[in-house]
Amino acid sequence: MKREDKIAILDKCKNETSMARVYLKYDSNYYYYYPNDVNEHFLLAQEENDFLLDGFHIRKMSHITKVEMKDDLCQAINIWNGVTKQVHDPHIELSSWQSIFMSLRDLSGFVIIEDNINGQFAIGKIVKVNKHNLIFRQFDADGIWQENMLTIPYSSITHIAWDTRYTNNWFDYLNNRNKGPQ
């Protein structure tokens, strides 16, 4: 599928608050997204999963192989349930990885950065944004912050996510674990 055709469908979905089915070159699954912004390099969207929105996601347009508008009963149910009214633009500057991470740097929550091609995953906070990479502080699966910062080259990034149920639950837990369950 040509880049301009993908962008045209994603723009139409954005303008009509419709779901897009997005296929990626490194994943046999497809994803349902409500696009917030799109350009020739990046897609910024909110993921839809089982009639719920699950955070913001950025994908590289060069990794998207196919896009379809999903206009069916699921879309009608999302409208009926008010899901489409929750779609909103987080105002992230999409001109480059550097501008994206500058926009995300001051978020209060956590960010996920993935290299889906090589199976790399990191969750944590952006420490410093450089021209060709970023410095990232991550925690492990036990919620322990790692001493060594990661240097992540932009060229290795395939996916960014934030404000997801996963990142928000980790954020709440790590900020409140000494208080016990509420």
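A: In this predicted model, S1 and S5 run antiparallel and are joined by six bridges. Within this pair, arginine 21 stands opposite glutamate 68 in S5. On S1's other pairing, four bridges link S1 to S2, again antiparallel, and tyrosine 23 faces tyrosine 30 of S2. S1 and S2 make up a hairpin, with five residues between the two strands. Five of the six residues of S1 are buried, so the strand is largely enclosed by the rest of the structure.

The strand belongs to an open sheet of 10 strands, paired antiparallel, in the order S5-S1-S2-S3-S4-S10-S6-S7-S8-S9. S5 (64-70) and S9 (150-153) stand at the edges with a single partner strand each, so one side of each has no neighbour in the sheet. From one strand to the next, the twist averages 40°. Strands of a sheet pair through backbone hydrogen bonds, either parallel or antiparallel. Further along the order, S3 (residues 42-49) and S4 (residues 52-60) are antiparallel and joined by seven bridges. In that pair, leucine 44 stands opposite isoleucine 58 in S4.

Helix H1 (residues 3-16) lies across S1 (19-24), S2 (30-38), S3 and S5, and runs at about 35° to S5. The loop between H1 and S1 holds threonine 17. Threonine 17 is not a glycine, yet its phi is positive, at about 50°. Most residues other than glycine have a negative phi. Threonine 17 has a relative accessibility of 27%, so it counts as partly exposed.

Two histidines in loops between strands can be set side by side. Histidine 63 sits in the loop between S4 and S5. Its relative accessibility is 6%, so histidine 63 counts as buried. Leaving aside neighbours within four places in sequence, the contacts of histidine 63 are Tyr23, Leu24, Lys25, Tyr26, Ile117, Ile157 and Thr158. Among them is Tyr23, the residue that stands opposite tyrosine 30 in S2.

Histidine 41 is found in the loop between S2 and S3. With a relative accessible area of 40%, histidine 41 is partly exposed. Not counting residues up to four places away in sequence, histidine 41 touches Arg3, Arg59, Lys60 and Met61. The side chains of histidine 41 and glutamate 40 are joined by a polar contact of 3.4 Å. Histidine 41 and isoleucine 7 are 34 residues apart in sequence, and their C-alpha atoms are 9.8 Å apart in space.

Aspartate 72 caps the N-terminal end of H2 (residues 73-80), with a side-chain oxygen 3.0 Å from the backbone nitrogen of cysteine 74. Just after H2, glycine 82 takes a positive phi of about 85°. Histidine 91, in the loop between H2 and H3 (97-104), also has a positive phi, of about 60°, although it is not a glycine. The relative accessibility of histidine 91 is 65%, so this residue counts as exposed.

The last part to consider is H4 (residues 165-176). At 1.5 Å a residue, the 12 residues of H4 should span 16 Å, and the end C-alpha atoms are 16 Å apart, which agrees. Thr167, Trp170 and Leu174 of H4 are buried. These three cover an arc of only 65° around the axis, which puts them on the same side of H4. An α-helix has 3.6 residues a turn, so residues three or four places apart point the same way. The buried residues of H4 pack against S6 (111-115), S7 (120-129) and S10 (159-162).

Definitions and conventions. Residues numbered from 1 in each chain as written. Predicted model: local features only at pLDDT ≥ 70, side-chain atom pairs only at ≥ 80, totals over all residues. Heavy atoms only, no water. Pairing = 2+ DSSP bridges. Axes fitted to C-alpha atoms, helices over the stretch in contact; angles between N-to-C directions. Contact = heavy atoms within 4.5 Å. Expected span 1.5 Å × (residues − 1). Buried < 20%, exposed > 50% of the residue type's maximum accessible area, 1.4 Å probe, protein only. Arc of directions from axis to C-beta. Polar contact = N/O pair within 3.5 Å; in protein donor to acceptor, adjacent residues only side chain to side chain.
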